[in-house]
Amino acid sequence: MKSPRQLESLSPTQKPGASTLAVHAGEDRHKLGDSITDPIVCAATYTFADTQAVIDFIEKKQPREEYGRYGNPGEKVVERKLAALEGGELALLYSSGMAAIVGLLMAKLNSGDEVVFFDECYHRSREFCAKHLSRFGVVTRQVKTCDYEAMDAAVTPQTKLLISESPTNPHLSIVDLERFAAIGKRRGVETLIDATLATPYNVRPLEYGVDYVLHSATKYLAGHNDLLAGVIVGAAEKLEPVKKLRGILGAVNSPHNIFLLERGLKTFELRMQRQNANGQEIAEFLVAHPRVERVYYPGLPSHPYHEVARQTMRGFGGLITFLVKDANWQQTAQIVDAVRIPRIGPSLGGVESLIEQPLVMSYYECTAEDRQRFGIYDNMIRLSCGIENCEDLIADLKQALEQ
Ligand SMILES: *Cc1c(COP(=O)(O)O)cnc(C)c1O
């Protein structure tokens, strides 16, 4: 009897699409109680029939669970699903995107090592490196986003990791993944892309030779603004020390959280298609609106990295950043306050649209000088398009801009 687990073996001739993978990949065909869904296994520990069973497990003769901090059955299913979606060998889940970043950096870096970042990066990643890894003797360098020569020049014999996001947040710059990965290959340095804003539906960085892809699964992958999770995908051998350290750090997902993530993933492709479409249409509406000074969206021909985006991405996502014409921060806040459908809040990628003013939401405590350096302007608004009907979102933005 055939009981294939990997979807590839279900259809040897046809490469499954993103929805087929999102729905089926990584799951056993036959589940507990003949259920179609995976069970929530609420166990902190797992028992052994006898001493020999313990020894067989330790000698790796019998794959199975041991203790909740090292994983649970649902987590393994979702890890296989995410590895299949990303086209990678192994996925490691964490309790948040930040836990995943911290887990990878702690496993890979030693005192005296150096990391090089493109400077438009998630502010907490930057903070972890600059404020905390520095306490352990790790040196962080930053170069201008998409300046590949500067990144190459920043590499020294101590450099262990090159890091970027793509698209970046909130400027939506798009990294040429081939060039980025090539620097790492040529200089013998590993590369990491935080592709949270892209998702494996829009781009799969491993195909360009990047070593590790990281996602805050809190965003598009889970997609419902109802949980936190993070994931790293890459080659099993390279991730082995990262996996070992994860079992020590303990930033793991509860079985209930895993269940929600697996459930959210089922509609991953449908949500991405809608959010890509909403993003594109709303960006086109905004760029044509007289009250808008500038729109950052890689799907617009005016975007500085539109050509790279067009060549490498299937869609450009649901995140749009724009500047309001001749507005100070209070006038900008009035627009944020006037929209009726998007809720005011941090985060992105969920089914509910969210709106925020980066100055207030994430950079309020920064000095004006730092904000200028990070490219955070007083008249900047960030909109994360959800899956609501596009015409409703456009009508709403229109009334808010025209008040
Ligand atoms: C949200 C986010 C993170 C952090 O993820 P959490 O799940 O909130 O810990 C990292 N990178 C990017 C690009 C993000 O948007």
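Which of the 13 residues around the ligand come nearest? They are Met 98, Asp 194, Ser 216, Thr 218 and Lys 219, where a residue counts as near if one of its heavy atoms lies within 4 Å of the molecule. The model is predicted: local features need pLDDT of at least 70, side-chain atom pairs count only at pLDDT 80 or more, and totals for chains, interfaces and linings use all residues. Residues are numbered from 1 along each chain as its sequence is written, and side-chain values use heavy atoms, with hydrogens and water left out.

A polar side-chain atom of Asp 194 is 2.7 Å from a ligand nitrogen. Ligand oxygen atoms are involved as well: one lies 2.8 Å from a polar backbone atom of Gly 97, and a polar side-chain atom of Ser 216 is 2.8 Å from an oxygen of the ligand. The ligand taken alone exposes 380 Å², of which the protein buries 93%; accessible areas come from the Shrake-Rupley method with a 1.4 Å probe.

Gly 97 also belongs to helix H4, residues 97-108; helices are DSSP runs of H or I with at least four residues, numbered from the N terminus. The 12 residues of H4 reach 17 Å from first C-alpha to last, close to the expected 16 Å, which is 1.5 Å times one less than the number of residues. Buried residues in H4 include Gly 97, Ile 101 and Leu 105, buried meaning under 20% relative accessible area, exposed over 50%, and partly exposed in between.

Trp 329 is in helix H13, residues 329-338, and is partly exposed at 36% relative accessible area.

Definitions and conventions:
Helices (H or I, at least four residues) and strands (E, at least two) are DSSP runs, numbered from the N terminus. Buried means under 20% relative accessible area, exposed over 50%, partly exposed in between (1.4 Å probe, protein chains only). A polar contact is a pair of N or O atoms within 3.5 Å; within protein, one must be able to donate a hydrogen and the other to accept it, and residues adjacent in sequence count only if both atoms are side-chain atoms.
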